[in-house]
Amino acid sequence: ARHMPDASIIEAHHPNKKDAPSGTAVKTAALIAEHRQQTPMAHHSAEHMPGALGHVYQGVPIHALRQPGVIADQTVCFAGHGEQLTLKHHTQDRACFGPGMILACQAAMDLNHVVYGLEHILFAAQNAVL
């Protein structure tokens with residue numbers, strides 16, 4: 001986000017997901033907005049159908065898909081002049097969420113305050129190991 005301020009998020013979940021966009025996509029958009037050092041380039045596309053360009057949260061468009069056969073996916077597309085960088089997290093099994101949940105539960109035993117965002121626990125665990 002520091003070097004490529006133009007970004008969009010595409011997130012997909014199963015049809016029973018209660019919220020859209022997902023909390024993860026909203027958090028990702030907030031982090032992108034927080035770390036931008038340049039203003040994204042303005043686009044001049046006209047929406048012939050409202051929402052076609054996605055919901056814009058803190059200057060970051062978010063597109064939410066709800067489809068059968070999907071657990072949870074998130075793609076973040078950064079763009080610059082003549083280049084694109086795409087980061088994708090694709091889940092194939094709910095078991096992949098287990099290690100993060102275990103780490104969060106273990107960390108909660110030593111906390112006396114609210115922590116929002118697993119990244120804070122992950123980075124604290126990394127620093128403790130180093």
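Here are some questions and answers about the pockets, surface and backbone of this predicted model.

User: Which element gives the most to the lining of the largest pocket?
Analyst: A pocket here is an open set of points on a 1 Å grid over the protein atoms alone, where a 1.4 Å probe fits, with protein on both sides within 12 Å along at least five of seven lines; lining residues have an atom within 4 Å of a point. The largest pocket is lined by 26 residues, of which Thr24, Lys27, Thr28, Gln74 and His89 lie nearest its centre. Two or more lining residues come from each of β1, α1, β4 (72-80), β5 (83-90) and α3, these being DSSP runs (helices H or I, at least four residues; strands E, at least two) numbered from the N terminus. The most, seven residues, come from α1.

User: What is the volume of the second largest pocket?
Analyst: Nearest the centre of the second largest pocket are Asp6, Ala7, Pro40, Met41 and Ala79, out of 25 lining residues. A volume is the space filled by probe spheres set on the grid points, which are joined across faces, edges and corners. For the second largest pocket this is about 600 Å³.

User: Is Leu122 buried or exposed, or partly exposed?
Analyst: Leu122 is found in helix α3 (residues 118-129). Buried means under 20% relative accessible area, exposed over 50%, and partly exposed in between (1.4 Å probe, protein chains only). Because its relative accessibility is 39%, Leu122 counts as partly exposed.

User: Where does Gln58, with its positive phi, lie?
Analyst: Most residues other than glycine have a negative phi. Phi of Gln58 is near 50°, and at 45% relative accessibility this residue counts as partly exposed. Gln58 lies in the loop between β2 (55-57) and β3 (60-66).

User: Is the peptide bond from Ala20 to Pro21 cis or trans?
Analyst: Most peptide bonds are trans. Pro21 lies in the loop between β1 (6-13) and α1 (23-35). With omega near 0°, the bond from Ala20 to Pro21 is cis.

How values were computed
Residues numbered from 1 in each chain as written. Predicted model: local features only at pLDDT ≥ 70, side-chain atom pairs only at ≥ 80, totals over all residues. Heavy atoms only, no water.
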